[in-house]
Amino acid sequence: MAVREIITIGHPTLARKASPVEAIDEEIVRLATDMVETLHRAPGIGLAAPQVNVSKRLIVVDLSVGENTDDLIVLVNPEIVSREGEVACEEGCLSVPDIREKVARPYRVLVRGLGLDGRAVEIAGEDLLARVLCHEIDHLDGILFVEKLSPLKRALIRKKLQKSRSAGAQA
Ligand code: NI
């Protein structure tokens, strides 16, 4: 197990559509294990493989941040099969440091994918779980949450990110 580096906004892998996992082999199991460790260490509640610079369709979600093993979700090739309702709520992303904004997401989703054992898994998520699942699946399609905001908000965020980057360069 190893903590992997989380890449941030501007990195090309985050903008790419990730490829489906063809076989759940040792490499994928290792990737998933590392992603769980990376997520818990961050700490965060969701992580998609492109965020650790692997362009594959794999996500990990854990609303308990490592407190409750029953909450851990590892999904290979996840797909949203249905969505219901809409809620606007603040969210953030480990790949977009220090930015939190209100984003509209479905209230309820049904997601299908495969577990690491290759079996079909179906997850019905509501509220925060639905939000995280949508956020992580967006990552697999190369979409960051800030891209869902208005052009004005996006311009402000770009400015803020540039500022924090140059501040970092001076430090
Ligand atoms: Ni994210």
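Ser164 sits in helix H3 (residues 151–170), where helices (H or I, at least four residues) and strands (E, at least two) are DSSP runs numbered from the N terminus. The model here is a predicted one: local features need pLDDT of at least 70, side-chain atom pairs count only at pLDDT 80 or more, and totals for chains, interfaces and linings use all residues. Residues are numbered from 1 along each chain as its sequence is written, and side-chain values use heavy atoms, with hydrogens and water left out.

At 42% relative accessibility, Ser164 comes out as partly exposed; on this scale, buried means under 20% relative accessible area, exposed over 50%, and partly exposed in between (1.4 Å probe, protein chains only). A polar atom of the Ser164 side chain lies 3.1 Å from the backbone oxygen of Leu161. Val65 is 99 residues away from Ser164 in sequence, and the two C-alpha atoms are 27 Å apart in space.

Now to the metal. The nickel ion has Cys93 (SG), His135 (NE2) and His139 (NE2) as its protein donors, at 2.1 to 2.2 Å. Donors are N, O and S atoms within 2.8 Å of the metal (3.2 Å for Na, K and Ca), and since water is not among the atoms, sites may look incomplete. Along the sequence, the donor residues follow the spacing C-x41-H-x3-H. His135 and His139 are four residues apart in helix H2 (residues 127–140), so about one helical turn separates them. Both His135 and His139 are buried, and Cys93 counts as buried too, at 11% relative accessibility.

What about the other cysteines? Cys89 is partly exposed, with a relative accessible area of 35%. Its sulfur has that of Cys134 as the closest cysteine sulfur, but the gap is 13 Å, so a bond is out of reach. The structure holds zero disulfides, a disulfide being a pair of cysteine sulfur atoms within 2.5 Å.

Helix H2 itself has 14 residues and runs 21 Å from its first C-alpha to its last, close to the 20 Å expected at 1.5 Å a residue; the expected span is 1.5 Å times one less than the number of residues. Twelve of the 14 residues of H2 are buried, so the rest of the structure largely encloses the helix. Just after H2, Gly142 takes a positive phi of about 75°.

Asp138 is also found in H2 and counts as buried at 13% relative accessibility. Its side chain makes a polar contact with that of Arg105 at 2.9 Å; such a contact is a pair of N or O atoms within 3.5 Å, where within protein one must be able to donate a hydrogen and the other to accept it, and residues adjacent in sequence count only if both atoms are side-chain atoms.

On the strand side, five of the five residues of E2 (residues 58–62) are buried, so the rest of the structure largely encloses this strand. E2 pairs in the antiparallel sense with E3 (residues 72–84) over five bridges, pairing requiring at least two DSSP bridges between two strands. Val76 in E3 is the bridge partner of Leu58.
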